[in-house]
4 protein chains.
Amino acid sequence: MGSLHEECGVFGIFRQAHADVAHDIYYGLTALQHRGQEAAGIAVCDTMGERGNICLHKNMGLVSEVFNEETLAGMKGNVGIGHVRYSTSGGSVTENVQPLSYHYLKGTLAIVHNGNIVNAGRLKEEMMKEGEVFRATSDTEVIAMRIARMRAHTSCIEEAVKEVTKELLGGYALLVMSPRKLVAIRDPLGLKPLCIGKITDGYVLASESCALSAVDAEFVRDVKPGEIITIRNGKLFTDETLCNNTLCNGSQAHCVFEYIYFARLDSVLDGISVYSARFQAGRMLAESGPVEADLVTGVPESGLTAAAGFADASGIPFMHAFHKNSYVGRTFIKPTQQERQTGVHMKLNVITEVVKGKRIVLIDDSIVRGTTIANLITMLRKAGASAVHVRISSPPFLYPCYYGTDVPDSTQLIAKQFSIEEIRKKIGADSLAYLRIEDLKKTTPDLPVCSACFDGKYPTETYDAK
Amino acid sequence: MGSLHEECGVFGIFRQAHADVAHDIYYGLTALQHRGQEAAGIAVCDTMGERGNICLHKNMGLVSEVFNEETLAGMKGNVGIGHVRYSTSGGSVTENVQPLSYHYLKGTLAIVHNGNIVNAGRLKEEMMKEGEVFRATSDTEVIAMRIARMRAHTSCIEEAVKEVTKELLGGYALLVMSPRKLVAIRDPLGLKPLCIGKITDGYVLASESCALSAVDAEFVRDVKPGEIITIRNGKLFTDETLCNNTLCNGSQAHCVFEYIYFARLDSVLDGISVYSARFQAGRMLAESGPVEADLVTGVPESGLTAAAGFADASGIPFMHAFHKNSYVGRTFIKPTQQERQTGVHMKLNVITEVVKGKRIVLIDDSIVRGTTIANLITMLRKAGASAVHVRISSPPFLYPCYYGTDVPDSTQLIAKQFSIEEIRKKIGADSLAYLRIEDLKKTTPDLPVCSACFDGKYPTETYDAK
Amino acid sequence: MGSLHEECGVFGIFRQAHADVAHDIYYGLTALQHRGQEAAGIAVCDTMGERGNICLHKNMGLVSEVFNEETLAGMKGNVGIGHVRYSTSGGSVTENVQPLSYHYLKGTLAIVHNGNIVNAGRLKEEMMKEGEVFRATSDTEVIAMRIARMRAHTSCIEEAVKEVTKELLGGYALLVMSPRKLVAIRDPLGLKPLCIGKITDGYVLASESCALSAVDAEFVRDVKPGEIITIRNGKLFTDETLCNNTLCNGSQAHCVFEYIYFARLDSVLDGISVYSARFQAGRMLAESGPVEADLVTGVPESGLTAAAGFADASGIPFMHAFHKNSYVGRTFIKPTQQERQTGVHMKLNVITEVVKGKRIVLIDDSIVRGTTIANLITMLRKAGASAVHVRISSPPFLYPCYYGTDVPDSTQLIAKQFSIEEIRKKIGADSLAYLRIEDLKKTTPDLPVCSACFDGKYPTETYDAK
Amino acid sequence: MGSLHEECGVFGIFRQAHADVAHDIYYGLTALQHRGQEAAGIAVCDTMGERGNICLHKNMGLVSEVFNEETLAGMKGNVGIGHVRYSTSGGSVTENVQPLSYHYLKGTLAIVHNGNIVNAGRLKEEMMKEGEVFRATSDTEVIAMRIARMRAHTSCIEEAVKEVTKELLGGYALLVMSPRKLVAIRDPLGLKPLCIGKITDGYVLASESCALSAVDAEFVRDVKPGEIITIRNGKLFTDETLCNNTLCNGSQAHCVFEYIYFARLDSVLDGISVYSARFQAGRMLAESGPVEADLVTGVPESGLTAAAGFADASGIPFMHAFHKNSYVGRTFIKPTQQERQTGVHMKLNVITEVVKGKRIVLIDDSIVRGTTIANLITMLRKAGASAVHVRISSPPFLYPCYYGTDVPDSTQLIAKQFSIEEIRKKIGADSLAYLRIEDLKKTTPDLPVCSACFDGKYPTETYDAK
C-alpha cells in the first residue's frame, strides 16, 4: 500500500544517572522510523547542569542520515526528546521540523508532537489577534506558545501543560522537556498512542512499545487518555485530572488505523497487539468474504499478517507469493513510465512457482488509488494464477482524517469515486471484498475506536481542519 | 544468518536497436544486488560505433550509490555487462572491482565473472614465469589475460574463450564483451548459475532469472554447463563442444547453496525453483526432525520459506514471530557491546503476542558462528516462549568452499568445533536438528549438486585454492 | 590574520517583472561570502501571489554547499532576502540561522540582520516578563518579534520597523520582507554598512557594493544612517525621520574595521573605497614608522593593499613574498602539532628568491594572538631574510566590540597583555609599529568612525552586551 | 588564463624509521594540487613487511576530496608514491587514475608518471603485436609493462627501469615503487621537473620544490636529466649512465611553460626560481613593448608576478586592480549565458578606485581563446580606465605540445587564427604585445629550454603523438 502516512513518532527519556541519552533517543527513533521518514530531530538537556541549556540537532532525512556518531557524541544530557516526521505542509519546511525549542522567562522548553489539533487554527487566529507571532506553521507551535504563555500563571510546567490541553481538541501525544522535567500528555480520547517504559535509572516515553526494546526498557503501561505524566529526578508522577475531560465527555476513540496500518507489527497499543488485530481482521475477512482458493497471500509487508489470519480461519494455506527487493530504496532511479513496467517488478516480484495454476486470495490492508494492486494482479495472472480474489483488511476509505493522518485528496480515493464492483473491474480482480465496519471493531475488542475515515463519525467537532 | 557471502552477480545485454543499455543493466544489477553489496560496475560499448570504445563506470558501494541518473545518461551503447561484487581480498581493492577492461591487438575486451577458479593460482604463476604482468589480484584477470593472449591464435573471440576455458577448473559464469559481441560461458560443472532471457531486439544474460523481469525479458533457458553463448547482431549462437569437458568427466555439480541461501526466492535455476527447494527442505526437516510444537516460524528472511514447508508437512501452523526493521541499514550506528544488547533488538524484534506461552519451531538456513540464533532464542524465551526447537534447513557446514563462496575460517565454524548436542546447549535450544544430506539432495530432484561444504566431496581437484 | 570575524552579510532584492530572484540572491551572497562562512539562507516570496507565502531554505555551510541548482529552481518569487552568517553563540545553532521567518496576523515577515543590538538583552528580558516566547537566542528574533507586535498598532510594516528601531541601540543593517514589500533600515550611527543598487525592474540592497556587480546592478548610493527604505511595486521610498535619532544624538560612527579588514577590497562604503583606505593606512605607516628596507610585502590577502601603500609612500618596492595555496580549505586534514610545523607551510609558503638576503617590511592588518605572524617571520628568516620589520595597518586591538564583531576573549588579545616591545620580541621581529589612531582616522577622511576596539570610546551605552 | 593544463604532479617518499608516509604524501600532493585537479591517488608499501603488499587508494577529485583521515590512517607503509592528475583522454577514465599498480614474478610494482611519451603509441603497438594486454589507455601503463617485462632479464628493478627508459622518447618524471625500493627517473631532456629532498630518516622526490616544505624536507638538488635515483634502506643511490642518452644527443630541453605558467611561484626548478623567471619576463616586456601608462596590473594569479617585473623595469607603479573571489569554486552554480555576464564579475571584480581614469597596462601569461581577457578589458573600461594596454608574458601559442600539456585544439588557439593586430581588436585592447621568443629564453638564463609550443622546434621526433 503505502499512500497513507502517519505524520509522526515521539520518543522521550529521562535518566537520573547517565548523560548520554542522545544515543538512546537515536535507537528509539530508529525503531519508530516507520512513523515518519522525512525529518528527524533530537533535543537533550542536562537537568543537573545550567538551567535549560538545550542541545538540539534536526534536519530533513532519515534518522541514520540526520545523525552520525560525531553529532550524537556532541549532545550531552540526561533528559531528551526526539521526533520522526512524515511530511510538512506549508512552504517553510525547515521551520516545522521538530523538536521545536523555545526560550522564555522560565528558561527553556522543547516540544515534540504526534497528532493534529482540530481547533489549532482557531486558537492560532485568536492568539494572532492578541498579537502572537509564530515561526512554524504547524499546530505544534500553537501548543508550545500557549504552554509557555500559561507557564507565567502556573506554579510548574506540568500545570501549564494541563491548562493548555484543556483547550485542545484533537489527537495528540505530546512530550515537553523543561530544564528539570520531562512532561507527557496524551489526548483524552486516546487517539494517538503513547506508552511508558522503565529503565534502571529512569523512564522512557514512546509512541509505540516497539521503541522500548530498542533501549532495553521494560514496558510499564500505556499513558491513559488525558493523563499527564511528569518525570522529575528520575521519578514518575501522574495526574489523571483530565482523563475525563469534558471536551470529549469522557469517551475514548483510539485510532483504529494504528492497528490496520500505522503501528509496527510487534507493538502493543492500549493492551491490544497490533499483530493480533491484523490477524483477527484476516480471520473475519475469511468469514465475511469466503472464497474457494488454493492459497492465501498478502502484499508485503502490509497484508501479510491479515493473510495469515485469513489462512487460519479458512484453512486455505498461507504462502509468500511475492519477493520484495529491499535494495530498491529512495535513491533508486525509477524507470520512465513510457518505456516499461519495470518499476513494479523491481520492488515486488512474483514467485511463479507458488502461484502458477493457483486460485489466489490476495490480501492488502487498504486500497487508496488502486494502481499498485492492479499491477500486482496483472503480475499474478502473468505468472499463471488462475484466479485472484482480493480481500481488504479494512473497510473502504471514504472520509478525511482530521487527527494527523496524511491522506490523499478525496478525489483520489478510489472508494469515494466508485462502487466496489467498479473497483473490482478496474483492478482486474475475480472478486473483491472489504472488511465490514462491524468486524473491524471486533479486531480491537473492548477498545472504543475512532473509525471516522470509514464511517465519518468524528469523535470531536472537526472545524474542517486540515 | 548472513555470514556466508556469494561473491558476485553478473548481467549482460545485447540490443540491436537501442543505445541505452546502461539503464537496463542498472535495473538488472539492482535485482541481483543480494549477490554482492560492496562494489558495482557497468561497461557498455556501441557495436555499431568506433571499434571497441568501452565506457566503464564502477566504484565501491551499492548499485544505487555507484550510479546516478547523470552517470547512466553519459553511458551510451547497445551492448554491455555489469557486476555486483561482495568482497575482495588483497590490499588493492579498487583494482579488483569489475568489469575489468582491456585493450589489445584485437581491440577491447571487458569481462565480468562470478565464481572462483581453483587452478587460477597455478595458471597465474605459470604466466608470471613467462613474464605476464597483472594489475588485479583476482582470478578474473587471469582469465581475461589468457583470453586476450589466446585471441591472437584464434579466428574469433568465442574461440579464444573456448580455448581458455578448457584449462579452467572451478566455478564460473563469465561474460566477455568484445567490440562486436557478447560472449558468455558457464563452467562445465554448472557450479555457477547463468540464464538467458529474450527481449524484443536482443538477449539478456544473468546470474539469476529474477534479473530478467527487471528488464521485462522473457526467460528462455539456462546456459548449459560448459556451453558458450555468443550474441552478435542481436542473434544468439551456441557452442556446446565443452559441455562434456574432460576436465570434469562430463559430470555436473550445481552449487546447492544457491538454493539454500544465495539465490533470490523468485529465481528458477536449472529448472528448479529456489522457493520450492527451500520449501521442500522445510518439509523434509519436518519428517526427519519432527517435534511437538504450537507454531513454526523462520528467521527473516533466510528461514521463512523452509518454515512454511515445515508447517505444510507437519500441520503445525506457520507464524511470523519476528519483525524486521528495514531502516537498520549500513549507516546505522551500532550500540557498543559493553552497554547493552540493543543491536539484536534493533534489527529483529519478537512479536510477543505470537510466541507467548508457545512451543516454537524456529527455522534458519544455517548456523555459522551461532551468535545470532542464540540471541534470537533468548529473545523468544524472554517474550514467553515455553520451548524453542531449532531446525536448520541445511546440513552442518564443515568444509571450505573453493568455488567462490566467502566463508569464515574453519576455526569460526561452530559445526566444525562442536557436536550437535554441544551446539544445542550453546545456543540454548530445546532441540536442534539439521537437514540430512540425503534429504538435501531431494530438494533439487534429478539435479547433480555440489555439496562439498557439507560432505567435503569436491567435484574438482582443489589445489588448496582460496 | 583571520581571527576576527564579521558576523554577517545581508542581501535583498525586489524585481517587479521576474520571478526568479533566488538565483540573484545566490550570486549576491556568494559575493558577500567573506562576511560569514558558517551558514547561509535565502527566503523568497511572490508579491503578486498568495499573501506572504514564504519559501525558505537555509542550513549550515557555505552558500555553494547549502544551495544547489535543484534547491534554487524550487524557490519562486520576485522578492527575497538572503544572509551569510559567521557564527552563532548558544547551544541551539540551527534555530539562529537566518533568514528568520514569522507568521502573524498581518501575514508573514522574514528578516535578516547584520550587527548587534546592545540593549537586546534588556529588551528581551522585558518581553519575556510580558510573556513573550523566543525560538532563537539571537537578537535578530528580538527585533522581529517587536516589529511583528508593533505591526498591530501601525498602518504599514515600515511604520512598525520605524517604531521598533527607535528603541534599538547598536549596529544593524536589517532587511525585512513582508508579503508586498522589502523594507531596509540601517542603524542611525551607520555602524553597519548597507547600500542600494538599481536593476532594470527593481532594486537591490546589500551589505557591500561588491555584491551589486554580482547581479549587474548599478550602485545608487549608501542607505543613510537611520534611513528606512521601502521597496513596493518595484519602486523605492525613503523615510529619513530617524536619521537624527536622539538615541545617538544625531552623531555617526561608521565601523572602521570594515575598512581595515572586514569589507571586500573592491567595495566602496559610505563613499570611501576600502582599497584606498587600506592603501592610505599603508602610506601613513610608512610615515609614522619609517624603516630602511629592501622590499615591502604583505600577509596575503589581508596585508597586501596596505603594503602597496607603504611601498608607494616609502619608495621601497612592493613584492609578493608568499605563495598562498588555495587548495588548503576547510576539509584539509591538518598536521598534528606534535609532528611538525607543516600547517604553516601548507597555507603560505615563502618565495625564497624574493626574500633571500633582503631587509623586509612585512605588513598585516592586525595582530590578534601573534602566532601566525611569528610563524611567518620564522619562515622569512629561514628563507634568508636579513631583517623583518613588522608594520600593522591598524592600532593595537584593546577593547571588545559590542556591535557584531566576534573577537577573542581579551585574555587572548596579545596587545592587551603585552607592551609593543614585548610583542616585538615574542613574534621575533626586528621592529614593530602599529598605525596611530590619529592616522587611522585619516584613512577614512571626513567620515566619523567607531574605533572603540582601539580606543574604548563606544558610541553608545554598551550594557556589557556580548 | 586557465585553459592550459599540466597533466600531473608526482610525489614519492622513503622513510627508514616511520610507517606513516601516507600523511606525508597527502601534504605533498596538496602542495602539488595546482598541477592536476581531477584525480588523486596514493600507494604505500612497507619495505620491512610482507613482500610488496601495496596499499592503494585513488579516485576522481581533489586530494582533500579523495582522502579523509580514516582513509589515510588505514594506509600503513614507510615508502610510498602519490599522484595528482589533470585529465584523462579515452573512455575508461577510472583505469587511468594513478598510481597504477602491478603484480608480477618479482613481486609488485607501483608507478606514477608526469609527462608524455611520444613513441608510446609505437611501443604499445609493438607490444600488442607480441600479445601484450593493457588495462589503461595511458602511456604510463606502457612504461610499467615494459619495466615489469624487462625485470625478468635484469638483476634489479633500477636496471629494468634503465633499460626501458633507453627506449622512451618524450618528457617524463617517473617514480617506481618496488617491494624494497623507490626508483625515480627523469627524461634525458629534462622536459619534466623532478627534485630531491632530504628528511631525517630518508628522502623525498617531488615534481616541484614547493612540495618539499610541505613535509619539512630540505631541498637537495634537482634530479639530473636522464639520472636514475634509487632509494633503498633510506639511502640514495644514483646512476647517471643515461644522462647523455643518445636518443637526444645529450642535449637538454627543459619545458619553458613550467616557468611561465605551470609551476608554483615559490618553486625553484633546475636552479631557476619560477618567480624570477616571471619577474624577468615582465621586465623584458617593459623593454620590448614599452607604453605610457599610470599603472601596471596583472590578471590574478597568473599575471601578477610579470606585472611586478614590468613595473620594476618601467617605473610605472604596480597595483592590484582585481579582487578574486575565492569562494567561486567547482560547485558554484554558473549563471546562464543568456541572462547576463554575472559569471565574470563573480570570479574577478575590478577595484574601481584603482583604475578610474587611469591608463592601464594589463599583464597575463598567455592568451588562449581570448574570451577571458576581452571580458576583463570590458570591465576595466566600464570602471573608468582610459586605456588598456595588454602585455603577454609569453610569445603567441602556435604549436601543440607532445610532452604532456593538454592544450586546446589549434582551431581554438586565437594566435593560430589571427594576427596580433586582429587579436588586439577582438579583445578590445588599446595595444597588445607579446614577449619575444629571444626574450623568453633570457628569463631562464643558461638553461636550454623546449619552446616548441611557440616556435615548433620539438626536441624529439614527435610521431604526431597526442
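**Salt bridges, cores and chain interfaces in a predicted model**

A:Glu421 and A:Arg424 sit 3 residues apart in helix 16 of chain A (residues 420-427), a spacing of about one turn of the helix. Their side chains meet in a salt bridge, with an N to O distance of 2.8 Å. A:Glu421 counts as partly exposed, because its relative accessibility is 39%. The model is predicted. Side chains of opposite charge can pair when their charged atoms come close. Over all chains, a search of the whole structure finds 106 salt bridges.

Another pair lies within chain B. B:Glu292 forms a salt bridge with B:Arg359, and the closest N and O atoms are 3.5 Å apart. B:Glu292 belongs to the loop between helix 10 (274-288) and strand 18 (295-298) of chain B, and B:Arg359 belongs to strand 21 (residues 359-364) of chain B, so the pair ties together parts that are 67 residues apart in sequence. The two partners fall into separate accessibility classes. B:Glu292 is exposed, with a relative accessible area of 64%. B:Arg359 is partly exposed, at 28%.

Salt bridges also link chains. The side chains of B:Arg149 and D:Glu132 meet in one, at 2.8 Å from N to O. B:Arg149 lies in helix 6 of chain B (residues 139-151), while D:Glu132 lies in the loop between helix 5 (120-129) and helix 6 (139-151) of chain D, so the pair joins two chains. B:Arg149 has a relative accessible area of 22% and is therefore partly exposed. D:Glu132 has a relative accessible area of 4% and is therefore buried.

Chains A and C are linked through charged side chains too. A salt-bridge network connects A:Glu132, A:Arg149, C:Glu132 and C:Arg149. A:Arg135 forms a salt bridge with C:Glu141, where the closest N and O atoms are 2.9 Å apart. Across the interface of chain C and chain A, 4 salt bridges are found. The same interface holds 12 residue pairs in polar contact, both residues being at pLDDT 80 or more.

Several elements of chain C build its side of this contact. Strand 6 of chain C gives the most, with 5 residues. By residue type, the side of chain C that touches chain A divides into 13 nonpolar, 9 polar and 8 charged. The contact takes 30 residues from chain C and 30 residues from chain A. Together the two chains bury about 2,700 Å², with 52% of it on carbon and sulfur atoms. C:His103, C:Val133 and C:Arg135 supply 29% of the area that chain C buries against chain A, more than any other three residues.

The contact between chain A and chain B takes 52 residues from each of the two chains. Chain A and chain B bury about 4,400 Å² between them, and 59% of it is on carbon and sulfur atoms. Polar contacts are present, however: the count between chain A and chain B is 11 residue pairs, both residues at pLDDT 80 or more. Elements of chain A that each supply at least two residues of the side touching chain B include helix 1 (21-31), helix 10 (274-288) and strand 20 (348-350). Helix 1 of chain A gives the most to that side, with 5 residues. The side of chain A that touches chain B divides into 24 nonpolar, 18 polar and 10 charged residues.

Some chain pairs are apart. Chain A and chain D do not touch, and their nearest C-alpha atoms are 14 Å apart. No contact joins chain B and chain C, whose closest C-alpha atoms also lie 14 Å apart.

The largest nonpolar core has 78 residues, and A:Phe310 and B:Phe310 have the most contacts inside it. Among the residues that A:Phe310 touches, beyond those up to four places away in sequence, are A:Leu285, A:Ala286, A:Val291, A:Val296, A:Ile316, A:Val361 and A:Ile363. A:Arg283 and A:Arg391 are also among its contacts. A second, separate core has 67 residues, including C:Val361, C:Leu435, D:Ala306 and D:Leu447.

Technical notes. Residues numbered from 1 in each chain as written. Chains lettered and ligands numbered in written order. Predicted model: local features only at pLDDT ≥ 70, side-chain atom pairs only at ≥ 80, totals over all residues. Heavy atoms only, no water. Core = buried A, V, L, I, M, F, W, Y, C linked by side-chain atoms within 4.5 Å. Buried < 20%, exposed > 50% of the residue type's maximum accessible area, 1.4 Å probe, protein only. Contact = heavy atoms within 4.5 Å. Buried area = accessible area lost by both parts, 1.4 Å probe. Polar contact = N/O pair within 3.5 Å; in protein donor to acceptor, adjacent residues only side chain to side chain. Helix = DSSP H or I, 4+ residues; strand = E, 2+ residues; numbered from the N terminus. Nonpolar A, V, L, I, M, F, W, Y, C, P; charged D, E, K, R; others polar.
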